[in-house]
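Q: I would like a close look at one part of this protein. Keep it brisk, and show how each call is reached.

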Amino acid sequence: MAFAKRPLAYAAAVIALLVGCKPDLGTPPSLIDGPQLLDVHATPAEVKPGAEVALEALMVDGAGTVAAPIAWTICRSPKPPAESNAVSRACLDQPDDGPASPGPGSVTIPLDACSLFGPLTPPAQAGQPAVRPRDPDPTGGFYQPVRAAARGLAGTTGQDLLGFALVRISCALANAPLEVSKAFNDPDTGYRANVAPRIDSITLVDATGVEWPLFAPGEAFAPPKVRAGEKVVLRAAWTDAAAEVFPVFDRAARTLVDTREALRVSWFTTAGEYLHDRTGRASEDREL
């Protein structure tokens, strides 16, 4: 999240199509066995309060992507300290902001997002105890939850599919020295809004060591042929600019610290099993 370069990174996962004896841990999160809302893509990836953001849901089932009307709803309730979920329970139950519509949608981030979900002190609520400002994530980020709801989707026994986009919001530094705030806001050398990383290619390595290209932007490839029970390796590669470097305010040291973005890939399948459902590179990992 933010701005610089890194060497080309690779992530690998192994599909085991023939599984030996092991404890039954239930369905792995990577297995697509019915309609699922996998992701919501926000453009731009980071916005200021009051700005509009475009949202596109990735919904799939065992046959591929699913086009379903989505109702987009801005969450207005900060998560109470006693709740352990990523968003407040109240955000699950609040009415839709509008009717569901097909295709991408858009929302306008509320002007008070940095108070409700950021480092600014939230407004006092009548009869309620004071709520402290939000703590940033390890990258210094704050997020406005936006609910995506697919209502009564076929194949879900009449149930709704709900998911949340956590839209990164640009907020001023709180309790930072004046010189640190100036450096952070410098248009040339300071913080720049996050840009979502993009996968450059995906390849499959079969049991004989032959590499098969599966994905590259703007290209189409013939699918490889693998046998049931065969173990294969999948590799995802990013461009050298995917992991950005950005300043984070270290509240203990009272200074800015340059931090490199971590990258993560979530793998999904309609059959078989991954050795690792998620792979990637930590911010301090310099290996290719």
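Does C171 count as buried or exposed, and at what relative accessibility?

A: C171 counts as buried, at 16% relative accessibility. The cut-off decides this: buried means under 20% relative accessible area, so a value of 16% puts C171 in that class. Note that the model is predicted.

Start with the bond. A disulfide joins C171 to C114, with an S to S distance of 2.0 Å. The cut-off for this call is 2.5 Å between cysteine sulfur atoms. The torsion about the S-S bond is -95°, and the link of C114 and C171 is left-handed. This pair ties together distant parts of the chain, 57 residues apart. C171 sits in the loop between β9 (161-169) and α3 (178-185). C114 sits in helix α2, residues 113-116.

Next, the surroundings on the helix side. S115 also lies in helix α2. S115 counts as buried, because its relative accessibility is 17%. Setting aside neighbours within four places in sequence, S115 is in contact with L120, T121, P122 and P123.

Now the other bridge. The structure holds two disulfides. C75 and C91 form one of them, with their sulfur atoms 1.6 Å apart. C75 is buried at a relative accessible area of 1%. C91 is buried too, at 1%. With the bonded cysteines numbered in sequence order, the pairing reads 1-2, 3-4.

Rings come next. The count of aromatic pairs is two. F184 and Y191 make a stacked pair, with 5.2 Å centre to centre and 10° between the planes. F184 counts as buried at 12% relative accessibility. Y191 counts as buried at 16%. The W267 and Y274 rings have centres 6.1 Å apart and planes at 40°, so that pair is tilted. The angle cut-offs explain the labels: planes under 30 degrees apart count as stacked, over 60 as edge-to-face, and the rest as tilted. W267 and Y274 are both buried.

For contrast, take the surface. V210, W212, L214 and F215 form a nonpolar patch there. Together these residues have about 310 Å² of accessible area. F215 lies in strand β11, residues 211-215. F215 counts as partly exposed, because its relative accessibility is 35%. That class lies between the 20% limit for buried and the 50% limit for exposed.

Finally, the setting. The protein has three helices and 16 strands. Buried residues make up 35% of its 288 residues, and C171 counts as buried. The protein exposes about 16,600 Å², and carbon and sulfur atoms supply 56% of that area. Among contacts with a separation of 6 or more, residues 24 or more positions apart account for 65%.

Technical notes:
Residues are numbered from 1 along each chain as its sequence is written. This is a predicted model: local features need pLDDT of at least 70, side-chain atom pairs count only at pLDDT 80 or more; totals for chains, interfaces and linings use all residues. Side-chain values use heavy atoms; hydrogens and water are left out. Patches are made of residues with over 30% relative accessible area and no salt bridge: like charges are joined within 9 Å, nonpolar side chains (Val, Leu, Ile, Met, Phe, Trp, Tyr) within 5 Å. Accessible areas come from the Shrake-Rupley method with a 1.4 Å probe; for residues, only the protein chains shown count as cover. A salt bridge is a side-chain nitrogen of Lys or Arg within 4 Å of a carboxyl oxygen of Asp or Glu. Helices (H or I, at least four residues) and strands (E, at least two) are DSSP runs, numbered from the N terminus. Buried means under 20% relative accessible area, exposed over 50%, partly exposed in between (1.4 Å probe, protein chains only). Contact means heavy atoms within 4.5 Å. Rings of Phe, Tyr and Trp (its six-membered ring) pair if their centres lie within 6.5 Å; planes under 30 degrees apart count as stacked, over 60 as edge-to-face and the rest as tilted.
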